[in-house]
Amino acid sequence: MLSPSFLSRWPPPLLLLLLSPWPVWTATPTGTPSARDCPEACACAPGGQANCSGRALPGVPAGLSLSIRELLLDHNRVRALLPGAFVGAGGLLRLDLRENGLRWVHARAFWGLSALQELDLSANQLEALVPGTFASLRALCKLSLADNRLARLEPTVLGALPLLRALSLHDNELTALAPGVLAGLPALSSLRLRGNPWACGCALRPLCAWLRRHPRPTPGLQTLNLLTALPDTAFRHCVQPLTPRDRVVVYTLGPVSFLASLATCLALGSVLTAWRTRRQRATTCRTWRPPLNLGLREASAAEPGSPAATAQV
């Protein structure tokens, strides 16, 4: 039996735990998935890694938890990413989706991954990305879209990623980068562009301007020397893109000008038609003459002594 002096050494809360008849469970350390937190199709390791590589998975496995920090889904058969595909994995820091034959990504596929820092979508079959695809990934530092089929990348696809340092776009089908694609990436220092069929034209102007503003390449930055050497004066013949205000003016005045021109043409056509009709009538009246026999009859009827003349008198 415990003596009163022994019991007085322990604080009341700890004493209650010691004397409690029910078992006490300890929480699993954060970042180490337990067997219950690990997806059934994956193998989890200490440190929060869930390895699902090369398991012929047709989709993102269910049962993702906050304790997973690294999810390896490369070399599977994930053809599409549906909305909320990674629900429950809010603590994810690295996501690998290489070589899945991925063709389509929903705009809300990555929602909830606000802590994600690295995303690898390389070696897939992506031909286009919808606006807002990466808008929720504000902590993203590294993004790879290499070795896909992207022919165009809109500014709204990347959005504003203030922490993105490395962007891989090599081995795609890009002929140019749309204006504004790199504007929302203030921390970008590594840009990989090789293996694209760049078209030498006015569409390269934004990319050349960005390369000139970053003249000191870091070890990861692959600068295109020929593009960097092109000054802005080389694009003097190019038409400047319209500002939003200019577009509003054009879209407003365009239909109004068209309708005004149409009304003017109709009015002028009506006036011209009326003038021609009036002129034709006047010409017809001037050229008309009475028949000759009718004139003779009227003359004979008007001779003195004739019955008609007598009747008239």
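Visitor: Let's start with D171. Is that residue buried, partly exposed or exposed?
Guide: D171 is partly exposed, with a relative accessible area of 30%. Keep in mind that this is a predicted model.

Visitor: Okay, and which residue does D171 form a salt bridge with?
Guide: That would be R194, and the closest N and O atoms of the two are 3.3 Å apart. D171 lies in the loop between β9 (166-168) and β10 (190-192), while R194 is in the loop between β10 and α4 (205-213), so the pair ties together parts that are 23 residues apart in sequence.

Visitor: What's the relative accessible area of R194?
Guide: R194 comes out at 45%, so it counts as partly exposed, since that class runs between 20% and 50%.

Visitor: Switching over to E118. What does its side chain meet in a salt bridge?
Guide: The side chain of R94, at 3.4 Å from N to O. Here the partners sit in strands: E118 is in β7 (residues 118-120) and R94 is in β5 (residues 94-96), 24 residues apart, so this pair links distant parts of the chain too.

Visitor: How accessible are those two, E118 and R94?
Guide: E118 has a relative accessible area of 34%, and R94 has 27%. Both count as partly exposed.

Visitor: And R149, where does that one sit?
Guide: R149 is in the loop between β8 (142-144) and α3 (155-158). Its side chain meets that of E127 in a salt bridge, 3.9 Å from N to O. E127 is in the loop between β7 and β8, 22 residues apart from R149. Both are partly exposed, R149 at 36% and E127 at 48%.

Visitor: How many salt bridges does the structure hold?
Guide: It holds 9.

Visitor: Which residues do shared partners join into one network?
Guide: E70, D74, R94, D96, R98, E118 and D120. So the E118 and R94 we talked about belong to that network.

Visitor: Now the big picture. How many helices and strands are there?
Guide: The protein chain has 8 helices and 10 strands.

Visitor: How much of the chain is buried?
Guide: Of the 313 residues, 31% are buried. The accessible surface comes to about 19900 Å², and carbon and sulfur atoms account for 62% of it.

Visitor: Last one: what share of contacts join residues at least 24 apart?
Guide: It's 47%, counting contacts between residues at least 6 apart in sequence.

Methods
Residues numbered from 1 in each chain as written. Predicted model: local features only at pLDDT ≥ 70, side-chain atom pairs only at ≥ 80, totals over all residues. Heavy atoms only, no water. Helix = DSSP H or I, 4+ residues; strand = E, 2+ residues; numbered from the N terminus. Buried < 20%, exposed > 50% of the residue type's maximum accessible area, 1.4 Å probe, protein only. Contact = heavy atoms within 4.5 Å. Areas by Shrake-Rupley, 256 points an atom, 1.4 Å probe, with all protein chains shown as cover. Salt bridge = Lys/Arg side-chain N within 4 Å of Asp/Glu carboxyl O.
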